[in-house]
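User: I've got a fold open on my screen and would like to talk it through. Could you walk me around it?

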Amino acid sequence: MSMILSASVLRVRDGLPLSASTDYEQNTGVQECRKYFKMLSRKLAQLPDRCTLKTGHYNINFISSLGVSYMMLCTENYPNVLAFSFLDELQKEFITTYNMMKTNTAVRPYCFIEFDNFIQRTKQRYNNPRSLSTKINLSDMQTEIKLRPPYQIPMCELGSANGVTSALSVDYKGAGKISSAHQRLEPATLSGIVAFILSLLCGALNLIRGFHAIESLLQSDGEDFNYIIAFFLGTSACLYQCYLLVYYTGWRNVKSFLTLGLICLCNMYLYELRNLWQLFFHVTVGAFVTLQIWLRQAQGKAPDYDV
């Protein structure tokens, strides 16, 4: 029998469950799918906004919008158009009922548990297609799915379940390493944006002074060639700090401290060409950017909420 078994509403950035239907099915297959729910909740920010995961006799479908994801478990023969129409209805009702500020500041799991009533009513309607009053809109959803079909999540993309790695995920280790290099960072803060601008400013100042030093050298004014190297190294260090602030890399914190050390060394060498305030400005900006790099870490794994 084709039917919807359960549904959940989760926050995309950390997988926090906001609401969920009451599950009455307790067979082994459904319990196994709950593990996939947890694994998907940790990867929502890295996945497209419309996806399907096939887990044998069951399918997990979800859509994401405005930082919230709507996920459902159904039998494998449940029609796709009905599944995504169901999710679309949940999404419209949730957006109408709750504002983004509430969902972004929620700290407790299932703090919108009252939405469960709407999930249950909608689930009952979609499990009895004869009672559906939304048949008129199904043609639109069918067209949308044909034009933009849901992304089929391969099982290997989820990695390991319950501590046991599947054979597919073993073959996928290389791809996992690649994806970790593109891991997302936490959202930029105002202080992080200010640090980025100041680092660019210091890099530009070093670059300008470097070109002036080249000009003086060409005019044979006795300019030390090492000053030119120091200016351009300072420029490179500032630009690399900007890169570390924006992108995730391996050993990111260590690289940021080494870059700060290079900035300090360059300014120590240039002490004869800069006054005390200029030296203080460049070193302070370098330290401030390093602090922001350290504070803006990669998005961690979602807590193990009981989704």
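This is a predicted model: local features need pLDDT of at least 70, side-chain atom pairs count only at pLDDT 80 or more; totals for chains, interfaces and linings use all residues.

User: What share of the contacts with a separation of 6 or more comes from residues 24 or more positions apart?

Analyst: Take the contacts in the chain with a separation of 6 or more. The part that residues 24 or more positions apart account for is 70%.

User: What is the strand order in the open sheet of six strands?

Analyst: The pairing in this open sheet is mixed. Strand 2 (17-20) and strand 6 (151-152) are the edge strands, each pairing on one side only. Reading across the six strands, the order is 2-1-5-4-3-6.

User: Which residue in strand 2 is the bridge partner of valine 9?

Analyst: Strand 1 and strand 2 run antiparallel and are joined by three bridges. Their hairpin has five residues between the strands, and glycine 15 takes a positive phi near 75 degrees there. Across the pair, valine 9 has as its partner in strand 2 serine 19.

User: Is strand 1 enclosed or open, and how many of its residues are buried?

Analyst: A residue is buried when its relative accessible area is under 20%. Strand 1 is largely enclosed by the rest of the structure, because the number of its residues that are buried is eight of eight.

User: Which residue in strand 4 partners lysine 54?

Analyst: Strand 3 and strand 4 pair in the antiparallel sense, with five bridges. In strand 4, the bridge partner of lysine 54 is asparagine 59.

User: What angle does the direction of helix 2 make with that of strand 4?

Analyst: Helix 2 (residues 80-97) packs on the sheet and touches strand 1, strand 2, strand 3, strand 4 and strand 5. Its direction and that of strand 4 make an angle of about 35 degrees.

User: Why does threonine 55 count as buried?

Analyst: Threonine 55 sits in the loop between strand 3 (50-54) and strand 4. Leaving out residues up to four places away in sequence, threonine 55 touches Cys33, Tyr36 and Met155. The cut-off for buried is under 20% relative accessible area. Threonine 55 is buried because its relative accessible area is 15%.

User: Is isoleucine 214 buried, partly exposed or exposed?

Analyst: Isoleucine 214 lies in helix 8 (residues 190-218). Buried needs under 20% and exposed over 50%. Isoleucine 214 has 29% relative accessibility, so the class is partly exposed.

User: How are helix 8 and helix 9 oriented to each other?

Analyst: Helix 8 and helix 9 (residues 225-246) have axes 8 Å apart and pack at about 160 degrees. Their contact has 18 nonpolar, eight polar and one charged residue. Angles over 145 degrees count as roughly antiparallel. Helix 8 and helix 9 are therefore roughly antiparallel.

User: And how are helix 8 and helix 11 oriented to each other?

Analyst: The axes of helix 8 and helix 11 (residues 276-295) come within 9 Å and cross at roughly 140 degrees, and the crossing is left-handed. The contact includes Leu198 and Leu205 of helix 8 and Phe281 and Phe288 of helix 11; by class it has 10 nonpolar, six polar and no charged residues. The roughly antiparallel class needs an angle over 145 degrees. Helix 8 and helix 11 are therefore oblique.

Methods
Residues are numbered from 1 along each chain as its sequence is written. Side-chain values use heavy atoms; hydrogens and water are left out. Helices (H or I, at least four residues) and strands (E, at least two) are DSSP runs, numbered from the N terminus. Buried means under 20% relative accessible area, exposed over 50%, partly exposed in between (1.4 Å probe, protein chains only). Contact means heavy atoms within 4.5 Å. Axes are lines fitted to C-alpha atoms, for helices over the stretch in contact, and angles run from 0 to 180 degrees between N-to-C directions. Angles under 35 degrees count as roughly parallel, over 145 as roughly antiparallel, 65 to 115 as roughly perpendicular and the rest as oblique. A crossing is left-handed if the near helix is turned anticlockwise from the far one by less than a right angle, and right-handed if clockwise. Ala, Val, Leu, Ile, Met, Phe, Trp, Tyr, Cys and Pro count as nonpolar, Asp, Glu, Lys and Arg as charged, and the others, Gly among them, as polar. Two strands pair if DSSP finds at least two bridges between them.
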